[in-house]
Amino acid sequence: MESIYGIGGITLSRLGTLSPAALKAMFSPESSDTLITLLTISGSGITSPIYLADGYTKRISETADEVIYGVTSNSVDYTFLPIEITLPSEEQDATPRCSLTIHDVTRYLTPIIRSINQAPSVNIKLVLNSSPNVIEAEFDGLLMSGISYNASTVTAELTVESMDSEPFPAHTCTPSYFPGLF
């Protein structure tokens with residue numbers, strides 16, 4: 001498959017599954033819609049899932065000290081933090097990989113990242129700002145590895161667990177497994 005590099009590595013086969021409104025938001029400068037990336041980080045060492053969005057549609061909460069913007073999608077509030085993400089390609093000869101940069105100037109993620117001891121799992125959803133409850137595309141089963149951070153950013157690589165090291169077939173043809181062969 002040929003990749004279209006200007007839109008985050010989404011391939012032609014993935015474009016066929018997006019709605020016409022999502023395609024218009026991606027390709028038309030006149031579109032009032034934009035695609036928003038919703039990111040869910042969960043796993044061992046994370047007490048409750050972290051919900052982040054790279055855009056916002058409303059105020060999620062407001063205190064005397066701060067105002068938090070974000071997106072509500074399917075009754076879940078996603079907090080707005082600027083995110084740079086390269087979506088996985090669908091090339092058959094390569095393991096899907098994403099690069100992820102979260103601009104964490106509020107230092108919301110840094111204490112959580114410091115406390116984890118295993119690679120957290122990540123779910124990525126793409127929605128339109130006009131219809132955040134409709135999921136245009138979803139990438140599930142990603143693991144966050146190679147995590148590094150500094151005063152303002154958290155960077156990581158998102159990968160899929162490789163099945164290349166698993167034996168195939170699962171059993172060898174020995175008398176204990178296949179007594180009828182011998």
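## A tour from the core to the hairpins

Select Leu39, Ile41, Leu52, Ile102, Ile124 and Leu158: of the 29 residues in the largest nonpolar core, these touch the most other members. Keep in mind that this is a predicted model.

Now colour the elements that build this core. Helix 2 (20-27) supplies at least two residues. So does each of these strands: strand 1 (35-42), strand 2 (50-53), strand 6 (83-86), strand 7 (97-103), strand 8 (121-128), strand 9 (131-149) and strand 10 (153-160). In soluble globular proteins, nonpolar side chains tend to be buried together.

Next, zoom in on Leu52. Which residues does leucine 52 touch, leaving out those up to four places away in sequence? Its contacts include Leu39, Ile41 and Ile102. Show Thr37, Leu38, Tyr78, Thr79, Leu81, Ile83, Tyr108 and Leu109 too, as leucine 52 also touches these.

Then pick Leu38, Val71, Tyr78 and Val127. They are among the six residues of a second, separate core.

Move on to strand 8 and strand 9. They run antiparallel, and seven bridges join them.

Strand 9 and strand 10 pair in the antiparallel sense, over six bridges. They too form a hairpin, here with three residues between the strands.

Last, follow the side chains along a strand. In a regular strand they alternate between the two faces of the sheet.

How values were computed: Residues numbered from 1 in each chain as written. Predicted model: local features only at pLDDT ≥ 70, side-chain atom pairs only at ≥ 80, totals over all residues. Heavy atoms only, no water. Core = buried A, V, L, I, M, F, W, Y, C linked by side-chain atoms within 4.5 Å. Buried < 20%, exposed > 50% of the residue type's maximum accessible area, 1.4 Å probe, protein only. Helix = DSSP H or I, 4+ residues; strand = E, 2+ residues; numbered from the N terminus. Contact = heavy atoms within 4.5 Å. Pairing = 2+ DSSP bridges.
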